[in-house]
Amino acid sequence: MKQAAENAPLKELDDWDDFVAARYRQGKSEEEFRNYKADANPTVTEFYRQNHAGQTLDFVLRKKAEYCGLNRGKKGIWEMAEYLNTLVDDSDPDTDLTQTEHLLQTAEAIRKDGHPRWFILAGFLHDLGKVLCLYGEPQWAVVGDTFPVGCGYSDQIVFPEFFAANSDSAIPEYRTEYGIYEPNCGLDKVHLSFGHDEYVYQVTRRYVPEQAQYMLRYHSFYPAHRHGAYRHLMNAHDERMFEWVRKFNPYDLYSKGRERPKTQEILPYYQDLVSEFFPDKIDW
Ligand SMILES: [Fe+2]
Ligand SMILES: [Fe+2]
């Protein structure tokens with residue numbers, strides 16, 4: 001699906017994922033990490049400019065009201081995975097993995113390490129929320145590292161200079177450390193920038209264990225799970241659950257370079273797995 005160019009600076013939605021993977025390339029020194037701009041091509045930079053300018057508290061609340069009531073109809077998990085595959089952008093179908101292949105690759109890497117079935121399932125589900133792009137949302141409201149809105153921005157967020165263009169930056173109440181939140185209020189009470197993480201969490205939360213809910217909801221919250229930022233908003237339960245978010249992250253980051261999953265061979269396993277946790281159709 002083609003989007004208006006101004007809403008889609010990335011050639012493919014996965015260019016953001018690739019940038020994050022390059023940023024956290026295994027064995028990279030802290031100094032190399034700080035030079036993340038070297039890994040960002042102009043389209044990625046433009047993407048962050050739009051993301052940091054557009055993700056205001058008001059925008060997030062509007063998007064949550066629009067999508068988190070799950071009133072876009074009933075569909076099965078597989079039906080949605082196939083729908084997500086129609087998101088092809090300008091990618092080369094011969095070399096690039098489909099969205100479902102990325103999900104299977106992540107899940108397979110988790111399975112090979114002997115993790116429980118719900119963990120494997122989280123790998124298979126984690127990016128289904130990218131269908132927001134097919135609903136017509138701009139790339140900057142679908143992907144991107146997530147961060148709390150309505151309070152001061154951590155200096156651990158990439159491209160912090162772009163927050164100057166966010167209209168929340170002019171609201172003094174939103175610029176303090178805690179902003180509109182209470183100390184250690186717990187992340188469930190904190191609004192993160194809107195994207196595929198929140199949406200897939202809302203869709204699947206009734207069906208998967210809490211550890212998986214955290215993995216899905218916070219897998220792009222790099223400032224917190226990679227850099228330890230925003231602990232002043234987290235409670236003790238979040239801290240414990242973030243162990244799982246951190247366990248999940250390498251599979252998202254590093255499963256991409258692996259060989260193409262043998263979809264036909266492994267499909268029966270995943271059909272079983274999905275029907276163990278989900279009814280035929282769920283609300284989206
Ligand atoms: Fe993701
Ligand atoms: Fe992913």
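Helices here are DSSP runs of H or I with at least four residues, strands are runs of E with at least two, and both are numbered from the N terminus; cover is a matter of contact, meaning heavy atoms within 4.5 Å. The model is predicted: local features need pLDDT of at least 70 and side-chain atom pairs count only at pLDDT 80 or more, while totals for chains, interfaces and linings use all residues. Residues are numbered from 1 along each chain as its sequence is written, chains are lettered from A and ligands numbered from 1 in the order in which they are written, and side-chain values use heavy atoms, with hydrogens and water left out.

Buried means under 20% relative accessible area, against over 50% for exposed and in between for partly exposed (1.4 Å probe, protein chains only). Because 9 of the 9 residues of this helix (196-204) are buried, the rest of the structure largely encloses it.

Now turn to the metal. His-102 (NE2), His-126 (NE2), Asp-127 (OD) and Asp-252 (OD) coordinate the iron ion (ligand 2) at 2.1 to 2.4 Å. Donors are N, O and S atoms within 2.8 Å of the metal (3.2 Å for Na, K and Ca), and since water is not among the atoms, sites may look incomplete. Asp-127 also coordinates the iron ion (ligand 1), which lies 3.7 Å from the iron ion (ligand 2). In sequence, the donor residues of the iron ion (ligand 2) follow the spacing H-x23-H-D-x124-D. His-102 sits in helix 6 (residues 99-112) and His-126 in the loop between helix 7 and helix 8, so the pair ties together parts 24 residues apart in sequence. Both of these histidines, His-102 and His-126, are buried.

Finally, step back to the whole protein. There are 12 helices and 2 strands, and from the N terminus the order is α-α-α-α-β-α-α-α-α-α-α-α-α-β. The C-alpha trace spans about 55 × 40 × 40 Å along its principal axes. Of the 284 residues, 56% count as buried. Among contacts with a separation of 6 or more, 82% come from residues 24 or more positions apart.
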